[in-house]
Amino acid sequence: MEVEDCGGGVVAFHNVVDIDREFLAGWIAKRRETEPPQFTDNGDGTYTNLGGYTIDAEQALSQPGRLVQIWDDDPEFAQTLSDALLECVKGYMDIYPAARQAVWARMPAHVVTYTEGQSIGEHTDTSVEVSDVKYWEGEIPKATISSLNVISGSLLLNDDFEGGEMRFRHAAKQPEMKAGGAALYPSNYIGMHEVRPVTKGERYSYLQFVGAGPLTPGEIATYKQWDREGKSVWLPPEMLYDSRRPSE
Ligand SMILES: [Fe+2]
């Protein structure tokens, strides 16, 4: 694994894990057969995606797909990806040690798929739009925090596509990612990022957030379920801030 500090909180980890192309294609095809619907039709021309965003039909088509039941068919593969990203989180904390003070949880990971023409515009992974915070002028929201994500990790699973570059507004240099490499970045506004439209083929990445736990009722329920099923939702104690460990 090679570590490339791109500045602005963005760190690229190259050659983290080997991913067999044919295996991946089979895995994606199988997952797509049984994944839950990507959108809820609100009946008024708008749709709500799995991330909680309300979007129109055109946006629904341009948005990437999300494979969320990644442990179902092949737990060994899911564990491999989980372990690979955890290695990157360790490396990230070596560069940004204060991140340890803000995290304990690994949020349930998913795989993002971009087919031709799909992209995601500049955004942060702590946007209030994806949390329970719904406020307008003069009203105090029922929750005053947005999302508890601190570090975001995107592990690229393939590179046999064109376009689909991940770009960070505030990085000193842009990471050029290959299959089996991961970009880690601040989930907040410093790490604002986009994935440009895929122009040929399909782009697959494994996405996980590390932070101070789940927030919304849906997130909490998923987190607890994954915990019960042993799906790597905790950060190992040795990675946490020392003062959190119980004294003997
Ligand atoms: Fe994102």
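**View 1. Helix H1 lies largely in the open in this predicted model.** Of the 14 residues of helix H1, the number buried is one, so H1 is largely in the open. A residue counts as buried here if 20 or more other C-beta atoms lie within 10 Å of its own. Helix H1 covers residues 21-34. At 1.5 Å a residue its 14 residues should span 20 Å, and the end C-alpha atoms are 21 Å apart, which agrees.

**View 2. The largest nonpolar core has 44 residues.** Leu155 and Leu184 have the most contacts inside this core. Two or more residues each come from strand S2 (10-14), helix H3 (75-95), strand S8 (110-114), strand S10 (149-156), strand S12 (166-168), strand S13 (182-186) and strand S16 (203-211). H3 gives the largest share of the core, eight residues. In soluble globular proteins, nonpolar side chains tend to be buried together.

**View 3. Surroundings of Leu184.** Which residues does Leu184 touch, leaving out those up to four places away in sequence? They are Val11, Cys88, Val89, Tyr92, Ile151, Ser152 and Gly153.

**View 4. Strands S9, S14 and S12 form an open sheet.** The order of the three strands is S9-S14-S12, and their pairing is antiparallel. Strand S9 (120-123) and S12 are the edge strands; each has a single partner strand, so one side of each is left without a neighbour in the sheet. From one strand to the next, the twist averages 10°.

**View 5. Pairing of S12 with S14.** Strand S14 comprises residues 193-195 and runs antiparallel to S12, with three bridges joining them. Met166 stands opposite Val195 in S14.

**View 6. The hairpin of S3 and S4.** Strand S3 (residues 39-41) pairs with strand S4 (residues 46-49) in the antiparallel sense, over three bridges. The bridge partner of Thr40 is Thr48 in S4. Four residues lie between the strands of this hairpin, where Gly43 takes a positive phi near 80°.

**View 7. Pairing of S4 with S5.** S4 also pairs with strand S5 (residues 54-56), in the antiparallel sense and over three bridges. Which residue in S5 is the bridge partner of Tyr47? That partner is Ile55.

Note on methods: Residues numbered from 1 in each chain as written. Predicted model: local features only at pLDDT ≥ 70, side-chain atom pairs only at ≥ 80, totals over all residues. Core = buried A, V, L, I, M, F, W, Y, C linked by C-beta atoms within 7 Å. Buried ≥ 20, exposed ≤ 12 C-beta atoms within 10 Å, placed from the backbone. Contact = placed C-beta atoms within 7 Å. Pairing = 2+ DSSP bridges. Axes fitted to C-alpha atoms, helices over the stretch in contact; angles between N-to-C directions. Expected span 1.5 Å × (residues − 1).
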